[in-house]
Structure formats: C-alpha cells, structure tokens
Amino acid sequence: MKSRKKIMMLVYAFLLITTCTIAQQINNPYNFPIKPGMQEWKELKTHDDMLAVLQIPENTLDNMSTEALVETCLNYPLFPDIWAFNSYQEGIDKAISSFNGFQKLLQHKNAGVELLKRYQKINMDD
C-alpha cells in the first residue's frame with residue numbers, strides 16, 4: 001500500500017512538473033530591448049558589445065514560432081552589417097555566426113516556407 005502511494009505521488013509530481021514546464025509558443029517577433037537610437041546603444045563601446053546585447057534569451061528563442069523568428073531576424077539591428085564584407089556570402093556567414101536568432105532559424109525545418117511567405121508580402125511596386 002505504501003509503495004502504491006509513493007508511485008502515485010511520483011506520478012502527480014511528474015504531471016505537475018510537466019504541465020508547469022510546457023512553454024507556450026511565442027508568435028510575436030522579439031523586441032530587442034536595446035537598439036540603435038537608444039541612449040543605451042550609444043553607451044556601447046565595441047561591436048562585440050552590440051552583438052552581445054542583441055542575443056535573444058535562450059528560453060525565448062526556444063519557444064519562438066518560425067514566423068516570429070523570421071520577423072525577428074529581418075528586424076535584427078545589425079543586419080546591414082552583411083554589406084560590409086567582400087561578398088554577400090561572407091557577410092551572411094558572419095551574421096549567422098554572430099547572432100543566435102539566425103542560428104536558431106536555420107534549425108527550423110519550415111524556415112524556407114516562412115521566408116517565402118514573408119517575401120511574397122513585399123510590394124514590388126514600392
């Protein structure tokens with residue numbers, strides 16, 4: 001009887017922990033708390049400091065939908081840095097290695113589909 005009670009307590013504890021740790025998917029792009037134009041941004045001393053403050057917290061990153069992650073990557077404040085290299089590929093490779101949002105996006109199997117959807121929303125007449 002005591003053993004059955006212990007097993008039931010373990011099952012309840014497992015269910016409680018599982019229920020509490022299931023994170024809700026984030027469907028909104030990440031709002032970078034520090035970005036160009038802000039006083040905090042002006043106080044950053046190096047490019048490495050800028051890269052550091054733009055990293056998305058892991059718990060947020062792990063729960064972002066692909067659509068939210070695509071928007072976040074397109075809004076990445078240092079995205080224009082890709083043009084500062086000898087080739088587009090070199091710039092993109094550097095951006096990927098420097099920003100955890102790009103790294104995570106590459107892991108999403110539906111990233112291409114979501115990027116295409118975003119591209120199709122662009123008005124080419126503008």
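Q: What is a nonpolar core?
A: A nonpolar core is a set of buried Ala, Val, Leu, Ile, Met, Phe, Trp, Tyr and Cys residues joined through side-chain atoms within 4.5 Å. Here, buried means under 20% relative accessible area, exposed means over 50%, and partly exposed lies in between (1.4 Å probe, protein chains only). The model is predicted, so local features need pLDDT of at least 70 and side-chain atom pairs count only at pLDDT 80 or more, while totals for chains, interfaces and linings use all residues. Residues are numbered from 1 along each chain as its sequence is written, and side-chain values use heavy atoms, with hydrogens and water left out.

Q: How many residues does the largest nonpolar core have, and which have the most contacts inside it?
A: In soluble globular proteins, nonpolar side chains tend to be buried together. In this model the largest such core has 22 residues, and Met 64, Tyr 76, Leu 78 and Phe 99 have the most contacts inside it.

Q: Which helices each supply at least two residues of this core?
A: Helices (H or I, at least four residues) and strands (E, at least two) are DSSP runs, numbered from the N terminus. At least two core residues come from each of α3 (47-53), α5 (66-74) and α7 (100-105). The largest share, four residues, is supplied by α5.

Q: Which residues does Phe 99 touch?
A: Contact means heavy atoms within 4.5 Å. Leaving aside residues up to four places away in sequence, Phe 99 touches Phe 32, Leu 54, Gln 55, Ile 56, Thr 72, Cys 73 and Tyr 76.

Q: How many salt bridges are there?
A: Side chains of opposite charge can pair when their charged atoms come close. The rule requires a side-chain nitrogen of Lys or Arg within 4 Å of a carboxyl oxygen of Asp or Glu. By this rule the count is three.

Q: Where do Asp 62 and Lys 104 lie?
A: These two side chains form a salt bridge, at 3.1 Å from N to O. Asp 62 is in the loop between α4 (58-61) and α5, whereas Lys 104 is in helix α7, so the pair ties together parts 42 residues apart in sequence. Asp 62 is partly exposed at 45% relative accessibility, and Lys 104 is buried at 18%.

Q: Which parts does the pair of Arg 118 and Glu 71 tie together?
A: The salt bridge between Arg 118 and Glu 71 has an N to O distance of 2.3 Å. Arg 118 belongs to helix α8 (residues 111-120) and Glu 71 to helix α5, so the pair ties together parts 47 residues apart in sequence.

Q: What separates Glu 114 and Lys 117 in helix α8?
A: They are three residues apart, about one helical turn. The closest N and O atoms of their salt bridge are 3.2 Å apart.
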